[in-house]
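User: I am new to reading protein structures, and I would like to go through one slowly. Could you take me through a few features, giving the general idea before each case?

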There are 2 protein chains.
Amino acid sequence: VASAALERDLGSVLPPESIVLEGTAAYLGDETEGRGLHGRADAVVLPGSADEVAHVLAWCYEHDVPLVPRGGGTGFAGGAVPLDGGVVVGLERLAGIRAFEPLLWRICVEAGMTTATVRRLARENGLLFPPDPGAAEQSQIGGNIATNAGGPHTFKYGTTGSWVTGLEVVVPPGEIVSVGGSIRKDVAGYDLKSLVVGSEGTLGIVTAAWLRLIPAPEATFPVAAFYAATHEGCAAIERVLGNGLVAAALEYLDRTTLKAAGSSFPAAVPSEAAFVVIAEADGSRSEADGLRDDLLDVLADGAVAVHAPTEPSTIAELWRWREGVSIAVTAQRGGKVSEDIVVPLDRLGEAIEETLAIGARHGLPACSFGHAGDGNLHSTFLVAPDDEDALAEAALAAEELFALAVRLGGSISGEHGVGWVKRGQLARQWGPRALELHAEIKRAFDPKGLLNPGKKLATHEAARI
Amino acid sequence: VASAALERDLGSVLPPESIVLEGTAAYLGDETEGRGLHGRADAVVLPGSADEVAHVLAWCYEHDVPLVPRGGGTGFAGGAVPLDGGVVVGLERLAGIRAFEPLLWRICVEAGMTTATVRRLARENGLLFPPDPGAAEQSQIGGNIATNAGGPHTFKYGTTGSWVTGLEVVVPPGEIVSVGGSIRKDVAGYDLKSLVVGSEGTLGIVTAAWLRLIPAPEATFPVAAFYAATHEGCAAIERVLGNGLVAAALEYLDRTTLKAAGSSFPAAVPSEAAFVVIAEADGSRSEADGLRDDLLDVLADGAVAVHAPTEPSTIAELWRWREGVSIAVTAQRGGKVSEDIVVPLDRLGEAIEETLAIGARHGLPACSFGHAGDGNLHSTFLVAPDDEDALAEAALAAEELFALAVRLGGSISGEHGVGWVKRGQLARQWGPRALELHAEIKRAFDPKGLLNPGKKLATHEAARI
């Protein structure tokens, strides 16, 4: 419920069309799975320019009012949810193209442009914007930058941040700061750009970004291989690297995930299948052809079946299926608690097995799937969204997952970020001085602590304040 | 000249073999061209472990003594030179392999390992560590990380920082901090890793790094094309991108550079040549072959000659020649003042012409060469090292270069960093709030300002304090 007084006051710095009076509920929740996270805001604004974002931030800073920046709201960590009032700053109206020079492989877009639009603009000009997080139709490039979003093709192409060469960001107490630009190298200052990337709206509000693009690969061929056991699948994944094959993507699904999603798989799934690996070859036609052959060789060893479509329609079908896996898993019980832990690649099998063991200890069906090549699991516990006991157990199980990731030399988050859901968990993986630096960086950018309060907190102590 | 008292005191925290008593002069200068930058230290230490680095830093912090971290000393910006006393911390003894898992494409090495050794270890295992800054035999990986070093292959593969997945760094007041590791994704905390990369030893002392590697390309084929005018060469460079050719490297040399270095070019240089472009095709044998053909097509248009060796020996000869260009340029007058400005690719021709015009205004012969695809020039003024008047003019000319880079939407440094030489120049390209954040980040890491004092200063005000 928005506060009429606050809306009136914001009217002094924003035009009426930038203040949302009806339908604010759409700006209060996010996709946090199985946890139904919805917040409360005093006002929702949709600035139409970076200047307007600066005006709102300055006004909020002057009046000690918290701000919550918000992209497409497709995050899984509660990062865009206003926990307790303040002003939600939605970026959707700030969605223009500032510059597009396809012949020079670069584009400058505003933060509210959807990821799908960025990718489409590139594609229509023979180029590729490689980051491919889920929900590309809703998620916005600003949110992708704020979370340093990944996706299946991160294995070859890196996360969103790797493609950002410049940022325009509004920082407290209300300044528009620009770093980098349409240049491809810059070592003049400390890397403020990378510091803002992945900061989840707690250091500043991204309003525009210069992005690098590359020529689109001429061909892409996926190869899906089924195995009868996790350890055989994991061995196959390691063989891809061991044989020097630079796959564009290297994904996996475990037995329970396959059971949940297998009925819609675009080919027959063998009954003994307990693990599937999906690798992709890309490049020029001949390069992709050759790499596909190599992937087939390496993945067929020990596989019970292989599905390797070569037609655009059947290739698209396979990836569409992969994109639907998360929803199919959710459908098992209506909800899920899923964490995006990362482990060194050689610990992937152990992390997959341990996910099941942790679930068993808490009486929860468990499964995992994700970006195998990057050691990035979506370790998942299936819960009914109204089952309070199961949700409580899942929260405990998630804590064990975080401990597991850190014990194996990994990270509590590979792509979803800390948001509200993983607050305090960074303390498991960083020492005291690093945590102190984390807090001091926050203070340097946001001395009043008004930017996305309660999010990306490194320690539970910070969360209690 | 070292101070005997300080050496004695350091003996309380370091073993005798870690304190240099003879030959300290080798640790006081760097390659800063034409400016003969040499400093003065109170002591030089060569710690044998990260713990020893932490002990030295803690001791210095307790006693308010400045520290200057030092790698191979091959920088061009005075970044590793002790300006006025303190303790030089050389990393050369910290040069071990912590872990090497070639089948998983990763290695963890200590900071003092030379870049050439890292590259050789990778190569011997069928892998590539792509960053290839000059002076690889002397420069150390820790220094490459501290400067986020680039090189010809940065165009396709990115700078050193792109290959760092984890860092061990000693920060004030004397803690060993570890972030990341052998994992390929991590969004749990603010990106401290990227903040330390390129910080030139002013935030912490890198002691070890986890590096990503990739399978070595099967083949690499360079194509060198000569043009009669700068604008024709620049048009050819843009055509490489416009035709969607992902060259591994895309270099250029202008007329004067070619004149200085051309006599040792491994083929005939046409008399009308005023510009040369060197592009490289890499990949599988067939991919590199195909890309070479495409590069030949695109670069031959308007060229007066093309040299495209295909034998390993003649290919190596061409790159060896390219590596020697900087020395050949220096040899013209015995010294040079060279700045590594960056501009958007479509402003490259303008920056090349302006470099000459700036030189002419200051009565200095000028030239440029560098990483064309990245818009990264080495804009150079030729001076005799003992010609004080010319050096003074060159300093003024360099100021104009920095202004030019910023006016064209670029950066004052693409790979050498700020060091001491470019102190205060960041203020041209960043606004007040960004500069303030730069200073606050420094304060958060190094509240006493003892780490590499006088280096990477963003403003002239800071330089005066």
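User: How do I tell how accessible a residue is, and is Val223(A) buried or exposed?

Analyst: Before the answer, a word on the source: this is a predicted model, in which local features need pLDDT of at least 70 and side-chain atom pairs count only at pLDDT 80 or more, while totals for chains, interfaces and linings use all residues. Residues are numbered from 1 along each chain as its sequence is written, chains are lettered from A and ligands numbered from 1 in the order in which they are written, and side-chain values use heavy atoms, with hydrogens and water left out.
A residue is called buried under 20% relative accessible area, exposed over 50%, and partly exposed in between, using a 1.4 Å probe and protein chains only. Val223(A) has a relative accessible area of 0% and is buried. Val223(A) belongs to strand β12 (residues 219–227) of chain A, where helices (H or I, at least four residues) and strands (E, at least two) are DSSP runs numbered from the N terminus.

User: Which residues is Val223(A) in contact with, leaving aside its neighbours within four places in sequence?

Analyst: Contact means heavy atoms within 4.5 Å. With those neighbours within four places left aside, the contacts of Val223(A) include Val277(A), Ile278(A), Arg292(A), Leu295(A), Val306(A) and His307(A). For Val171(B) and Ala224(B), which are 53 residues apart along the chain, the C-alpha atoms are separated by 45 Å.

User: How should I read a contact between two chains, and what does the side chain of Arg433(A) reach?

Analyst: One kind to look for is a polar contact, a pair of N or O atoms within 3.5 Å; within protein, one must be able to donate a hydrogen and the other to accept it, and residues adjacent in sequence count only if both atoms are side-chain atoms. Here the side chain of Arg433(A) reaches the backbone oxygen of Pro172(B) at 2.7 Å. Arg433(A) sits in helix α13 (residues 432–445) of chain A and is buried, at a relative accessible area of 8%. Among the residues in contact with Arg433(A) are Glu440(A), Val171(B), Glu175(B) and Phe445(B). Val171(B) is itself part of strand β8 of chain B and is buried, at 1%.

User: How are two packed helices described, and at what angle do α13(A) and helix α13 of chain B pack?

Analyst: Axes are lines fitted to C-alpha atoms, for helices over the stretch in contact, and angles run from 0 to 180 degrees between N-to-C directions. Angles under 35 degrees count as roughly parallel, over 145 as roughly antiparallel, 65 to 115 as roughly perpendicular, and the rest as oblique. The angle between α13(A) and α13(B) is about 155°, with the axes 10 Å apart, and the two helices are therefore roughly antiparallel to each other. A crossing is left-handed if the near helix is turned anticlockwise from the far one by less than a right angle, and right-handed if clockwise; α13(A) passes α13(B) in a right-handed crossing. Residues making this contact include Leu437(A) and Ala444(A) of α13(A), together with Leu437(B) and Ala444(B) of α13(B).

User: Which backbone features are worth checking, and where does a cis peptide bond join two residues of chain A?

Analyst: Most residues other than glycine have a negative phi, and most peptide bonds are trans. In chain A, a cis peptide bond joins Pro172(A) and Pro173(A), with omega about 0°, and Pro173(A) lies in the loop between β8 (164–171) and β9 (175–180). In chain B, Pro172(B) and Pro173(B) are likewise joined by a cis peptide bond.
As for phi, Asp64(A) has a positive value near 55° without being a glycine, and Asp64(A) is partly exposed at 49%. Glu200(B) also has a positive phi of about 55°, but Glu200(B) is buried at 7%.

User: Finally, how many disulfides does a search of the whole structure find?

Analyst: A disulfide is a covalent bond between the sulfur atoms of two cysteines. The search counts a pair of cysteine sulfur atoms within 2.5 Å, and over all chains it finds zero disulfides. For Cys367(A), the nearest cysteine sulfur is that of Cys234(A), 15 Å away, and Cys367(A) is buried at 1% relative accessibility.
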